[in-house]
Amino acid sequence: MEFLGTTQTASYCGPKKSYLFPEPVSTSTTQDSYQSYYLPGYRYLNSWRPSLFYRVSAVPTNSGDQGSMRISAPLRPPTILPSVRSALYARYSPHDWYQANTVQYKGSESCRHWAGRMNADSLRLMQDKNQLTQQTQDSTGRSLGQRLSDIDFWRSELTYELERLLTETRALETAKRRLECAADEAQRPLKVGQRYLILNVLVCLRVQLVLCSINRDAQHALERDLSDKNSAHFIDEKCYNLRNTSDSISFYHGVEKIDGTISVPETWAKFSDDNIRHSQNARANSIKLCEETENTLENVSEEMWKQFTDTNLAFTNRIAETADTKNKLQTHLAKTLQEIFQTENTIMLLERAIMAKECPLKVAQTRLEGRTRRPNVELCRDIPQFKLVNEVFTIDDTLQTLKLRLREAHDTLQLLVLNKARLEHDLSVKANSLFIDRKCMDMRKTFPSTPRLVGYT
């Protein structure tokens with residue numbers, strides 16, 4: 001192995017020579033054969049060549065004239081090992097060293113500057129956030145106080161409306177008892193008048209029962225809303241009294257991300273307002289019904305004569321209309337039954353037709369499957385093959401059409417059966433109505449008397 005930049009014969013293999021003052025060589029052959037020395041990697045970079053390796057040496061001659069000098073051949077540089085070659089040349093200059101120190105100083109000053117700004121901004125941020133937190137807490141406390149005031153307002157409104165509703169409900173129950181007493185008083189007159197009066201009283205009682213149910217619903221809504229308001233007032237008052245020094249406070253991580261609300265202030269107020277309005281409407285209807293009940297109890301004896309003739313005529317007309325409608329419904333029912341019978345026959349024929357098409361389809365598919373076993377080139381797509389494929393598609397299309405028509409027939413049958421059920425129900429209703437009307441007419445053959453029907457006993 002030879003080192004880069006040396007001749008083929010190493011310098012330490014020959015006799016020891018002085019490299020500062022080598023022996024001059026007079027022949028030009030030696031100068032031509034000498035190879036110039038280059039640093040590794042800098043053979044073609046003349047700007048980095050040290051001047052020591054390409055400068056000619058001026059050495060004194062061996063003559064007696066000590067002042068005379070002669071130019072000799074370029075000196076051969078000493079052999080440099082790769083391990084020590086990098087130590088001969090420094091990577092950075094003093095200017096680079098000073099510049100690096102200056103950069104470090106400026107970086108330190110910049111870091112200290114940004115650290116000072118960060119500390120000042122952090123103090124200012126903490127002060128701003130403390131002020132913002134205090135303002136937010138105060139605003140929340142004021143909002144809770146306002147919320148408590150709103151809850152107190154609606155509690156008072158609900159309580160007042162509930163008391164008035166209970167009063168009207170008691171008045172309605174009193175009117176109902178008067179109607180019941182009037183129905184009991186109707187037992188003394190004639191049987192016809194009793195039945196007629198009982199019908200009117202029963203109508204009023206049914207209306208009162210409906211209104212009583214509506215009042216109870218309104219009362220239940222008011223009581224439930226009032227109970228919710230009491231619970232909300234207790235919770236909000238407890239939250240309003242919480243302070244930073246309270247013992248019952250704790251962390252509830254993620255609670256701010258849970259939105260369990262189901263209303264907004266507008267809908268919250270509208271809910272209580274709707275309950276109050278519903279109660280007011282129920283009270284208004286109750287008041288109106290009580291007045292109508294009073295008028296009915298006072299005017300029923302006066303109107304019985306007038307209504308007797310009109311009611312008899314209305315019963316007669318109604319019985320005729322009901323009988324005519326019943327006959328028409330029976331006619332439609334008979335036609336519907338006939339159509340159901342025909343539709344069932346059609347469904348049976350369609351099912352038979354579908355079953356009849358299954359065997360030809362099996363034959364065609366079996367032929368196709370058998371022809372797939374033909375060997376080699378005999379597996380030809382010939383005219384029988386086309387005919388068989390066309391036959392399969394045709395039969396399959398026919399089956400699909402028949403099945404579609406069968407589904408339509410089943411749907412039609414279901415509609416007819418549903419129509420039949422409706423007709424039968426209407427017929428039963430009409431028969432019941434006709435029975436009731438005729439029974440009422442049988443009871444109205446004589447004129448009813450005028451009893452005391454005001455309900456006071």
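Student: What does the accessible surface of the protein chain come to?

Tutor: Accessible areas come from the Shrake-Rupley method with a 1.4 Å probe, and for residues only the protein chains shown count as cover. Here the protein chain has an accessible surface of about 33,800 Å², and carbon and sulfur atoms hold 56% of that area. This is a predicted model, in which local features need pLDDT of at least 70 and side-chain atom pairs count only at pLDDT 80 or more, while totals for chains, interfaces and linings use all residues. Residues are numbered from 1 along each chain as its sequence is written, and side-chain values use heavy atoms, with hydrogens and water left out.

Student: How many of the residues count as buried?

Tutor: A residue is buried under 20% relative accessible area, exposed over 50%, and partly exposed in between (1.4 Å probe, protein chains only). By that rule, 22% of the 457 residues of the protein chain are buried.

Student: Which helices and strands does the chain have, and in what pattern?

Tutor: Helices (H or I, at least four residues) and strands (E, at least two) are DSSP runs, numbered from the N terminus. The protein chain contains six helices and two strands, and the pattern along the sequence is α-β-β-α-α-α-α-α. As for contacts, meaning heavy atoms within 4.5 Å, 84% of those with a separation of 6 or more join residues 24 or more positions apart.

Student: What is the average pLDDT of the chain, and where does pLDDT stay under 50?

Tutor: The pLDDT is the predictor's confidence in each residue, from 0 to 100. Where it is low, the predicted coordinates should not be read in detail. The protein chain averages 76, with 70% of the residues scoring at least 70.

Student: How many salt bridges are found, and which residues form them?

Tutor: Side chains of opposite charge can pair when their charged atoms come close. The criterion is a side-chain nitrogen of Lys or Arg within 4 Å of a carboxyl oxygen of Asp or Glu. The whole structure has 10 salt bridges, including one between Arg 155 and Asp 152, whose closest N and O atoms are 3.4 Å apart. These two residues are about one helical turn apart because they lie three residues apart in helix α3. Arg 155 is partly exposed at 26% relative accessibility, and Asp 152 is partly exposed at 36%.

Student: Where do Arg 277 and Asp 273 lie?

Tutor: Both belong to helix α5 (residues 265-371), four residues apart, about one turn of the helix. In helix α6 (residues 383-443), Arg 405 and Glu 408 are three residues apart, so about one helical turn separates them; their side chains meet in a salt bridge at 3.2 Å, N to O.

Student: How many disulfides does the count come to?

Tutor: A disulfide is a covalent bond between the sulfur atoms of two cysteines. The rule requires a pair of cysteine sulfur atoms within 2.5 Å, and the count here is zero. Of the cysteines, Cys 111 is exposed at 55% relative accessibility, whereas Cys 440 is buried at 12%.
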